[in-house]
Amino acid sequence: MRQKESGVRLFLAVAGVGLCLALPVAANDKLEAGGQTFLDFATLDNGASFSQGDPIIAGGPNPVSSKVLAIESTKGFARVRFEQMRLTMSLPLGWQATEDWERGIAYSTDKRYRLIIWRVDFDFEGVKDAEHYAATKGGSIQARRPTVKAQARKLSDGTYLVVYENAPRAQGDSEMRVVFDLVMTQPGNSKLGVLVTLGVPASDAGRGIKLLALLKENMRIDW
């Protein structure tokens with residue numbers, strides 16, 4: 001787990017993303033927003049927050065703000081392009097988004113909700129496929145942090161959801177954290193994928209997984 005594990009360590013240290021619970025998915029093993037929309041997570045600033053940036057959170061060399069393609073004020077989201085990740089995603093208004101050569105990062109203005117996106121080469125990581133990656137990453141984090149509990153689940157579309165709980169809070173956090181990993185495989189090529197990680201306060205775990213469902217539903221990956 002060389003490249004991505006170092007990225008995970010950096011993000012845990014700098015952004016304070018924590019880990020997560022066994023939270024409900026639908027009976028058909030599909031993430032669902034449960035009636036929540038982006039308006040439930042947004043600050044209605046007409047997209048002003050996306051003109052700001054925070055290179056400390058981005059962490060890498062020469063971070064830049066990700067490109068805002070559209071603002072949907074009445075729906076509470078901005079359509080944002082992470083060019084280095086070749087991925088377009090809808091994010092709640094009131095967030096910020098940056099990227100560098102290795103990863104894309106987005107977060108709420110108060111930094112309680114934090115998102116990171118990586119491209120994954122499973123061969124490079126020393127694993128067979130997305131399932132092996134999810135299991136290996138979960139086991140590795142638990143080995144380093146024995147209080148953390150990790151559980152993986154395969155969703156109906158083949159995506160792996162890894163849920164972690166009991167992560168220590170980072171500087172600026174008022175409570176323990178919860179993290180959700182989504183490990184997605186490139187169609188037709190099981191050796192490549194995308195990892196999306198969302199970290200939220202433990203008390204917001206239920207809302208967090210609903211936001212994850214919205215993010216997944218409104219994401220386009222250029223494979």
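Biologist: How many helices and strands are there in the protein?

Modeller: Helices (H or I, at least four residues) and strands (E, at least two) are DSSP runs, numbered from the N terminus. Here the protein has 5 helices and 12 strands. Please keep in mind that this is a predicted model, where local features need pLDDT of at least 70, side-chain atom pairs count only at pLDDT 80 or more, and totals for chains, interfaces and linings use all residues. Residues are numbered from 1 along each chain as its sequence is written, and side-chain values use heavy atoms, with hydrogens and water left out.

Biologist: What share of the residues is buried?

Modeller: Buried means under 20% relative accessible area, exposed over 50%, and partly exposed in between (1.4 Å probe, protein chains only). Of the 223 residues in this protein, 52% are buried.

Biologist: And how do I read a phi angle?

Modeller: Most residues other than glycine have a negative phi. In this model, Asn 46 has a positive phi of about 60° although it is not a glycine. Look for Asn 46 in the loop between helix 1 (2-15) and helix 2 (55-58).

Biologist: Is Asn 46 buried or exposed?

Modeller: Asn 46 is exposed, and its relative accessible area is 57%.
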